[in-house]
Amino acid sequence: MLAGKRILLIIGGGIAAYKSLELIRLYQKAGASVVPVLTRAAEEFVTPLSVGALAGAKVHRDLFDLTAEAEMGHIELSRAADLVVVAPATADLMGKMAAGLANDLASTLLMATDKRVLIAPAMNVRMWEHPATKRNLAQLTQDGALVVGPDEGDMACGEFGFGRMSEPPAIVAATQAALGEGPLAGRHVLVTSGPTHEPIDPVRYIANRSSGAQGAAIGAALAQLGARVSFVTGPASAPPPQGVDVIAVETAAQMLAAVEAAMPADAAVFAAAVADWRVISESRSKVKKAPGAAPPPLELAENPDILARISQMEAGRPGLVVGFAAETDDVIAHATAKRARKGCDWILANDVSPETGIMGGVENAVTLISEKDAETWPRMSKTDVASRLAARIAAALQE
Ligand code: CTP
């Protein structure tokens, strides 16, 4: 809930601006009041009339609006809010913020405010991946800005990838977390994510196809609900989410050590695709081919099972331990047995046969298995699976 909170909402000029109308509605439903600010470009996408009517408040548009200055100067406007939210945060607005420009009302408010700023980036995938945007994002987070999204998916411009603005409910959840109001505020949740790399020699390793996308989405969703998230990640191709404490590891042994060091936790989600085996005698120098010789044998040893270790801790076990079960056949039966064997509370079973396109893909289809039942969720994006799981974890910790 956001009862009595005041949000200064800066709407940037991007196609995602239409979602800001829904965002205003959700803020009001949660009990917050919204003071909207439109950039010139935003007016090309949403009209001041619709924004003002939904917000039930004056829409601020111009730095040199004399009536507004007589009523409330821009400095005051920037400080009367509890939180400043920029949605959509376009590449241009992010650039202005990172550079400290103040040449219109939005950028001036962002420079003048003494409140926290939450940005919801939205732009074409190429623009999101551009080195300038990456530099600006790093600068903004270093300056203390909070970030929600962007999500991965189809974009209005016809391309596909990261750059879609987060959906309004996720922005509301991030707003609650920013104001210390989320259902997981004050909770510590540990998440493992990505593959592990098990070295053969200094240049070669054993790995698997995990992208880390599902783990990253879970880390983001938990942080959005206000949790402090320790995010222990192997070398994943998906970037780690904003707003979590990232602990980067390479091998299963390092992952176990990092998990143990991050304890205690109220809940733990083991989304990593940990390599089951490591090479016993890792070579310190590059293994060479000898003419005519047989390929070198690789002797393997089993890696520690991190999920089982934590699930079976005698003292200090997290209140809720969640695992994943990646299966290719008899998914539910194998996952049910796996949950009992490892001793975790819930297991999310997913079918990773190649024809599902789940491993390395954008969507996931899971069944949540607990001691008492198995609940199959419809196929949905990994972001939606993460939001749903985070909400379930929040509910379970409140019981
Ligand atoms: N897991 C772990 N440590 C390991 C292996 C797996 O923490 N050494 C966790 C994973 O993060 C996941 C769960 O255990 O939450 C199940 O992983 P999965 O690969 O499906 O199962 P395995 O234990 O590897 O069993 P199998 O390969 O026989 O299916």
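1. Thr 39 lies in the loop between strand S2 (33-38) and helix H2 (48-55). Helices (H or I, at least four residues) and strands (E, at least two) are DSSP runs, numbered from the N terminus. The model is predicted: local features need pLDDT of at least 70, side-chain atom pairs count only at pLDDT 80 or more, and totals for chains, interfaces and linings use all residues. Residues are numbered from 1 along each chain as its sequence is written, and side-chain values use heavy atoms, with hydrogens and water left out.

2. Is Thr 39 buried or exposed? Thr 39 counts as buried, because its relative accessibility is 9%. Buried means under 20% relative accessible area, exposed over 50%, and partly exposed in between (1.4 Å probe, protein chains only). Leaving aside neighbours within four places in sequence, Thr 39 is in contact with Ile 11, Gly 12, Gly 13, Leu 93 and Ala 106. Contact means heavy atoms within 4.5 Å.

3. Cys 344 also sits in a loop, between helix H13 (331-342) and strand S17 (346-351). Cys 344 is buried, at a relative accessible area of 1%. Not counting residues up to four places away in sequence, Cys 344 touches Leu 307, Ser 311, Arg 317, Val 321, Gly 323 and Arg 339. Glu 371 is 27 residues from Cys 344 in sequence, and 9.3 Å away in space, C-alpha to C-alpha.

4. Now the helix pair. The axes of H1 (residues 18-29) and H9 (residues 168-178) come within 9 Å and cross at roughly 50°. Axes are lines fitted to C-alpha atoms, for helices over the stretch in contact, and angles run from 0 to 180 degrees between N-to-C directions. H1 and H9 are therefore oblique to each other. Angles under 35 degrees count as roughly parallel, over 145 as roughly antiparallel, 65 to 115 as roughly perpendicular, and the rest as oblique.

5. Which residues meet between H1 and H9? From H1 come Lys 19, Glu 22, Leu 23, Leu 26 and Tyr 27; from H9 come Pro 168, Pro 169, Ile 171, Val 172 and Thr 175.

6. Helix H10 (residues 213-224) has twelve residues, which at 1.5 Å a residue should span 16 Å; its end C-alpha atoms are 16 Å apart, so the two agree. The expected span is 1.5 Å times one less than the number of residues. Twelve of the twelve residues of H10 are buried, so H10 is largely enclosed by the rest of the structure. Among them are Gln 214, Ile 218 and Leu 222. Just after H10, Gly 226 takes a positive phi of about 100°.
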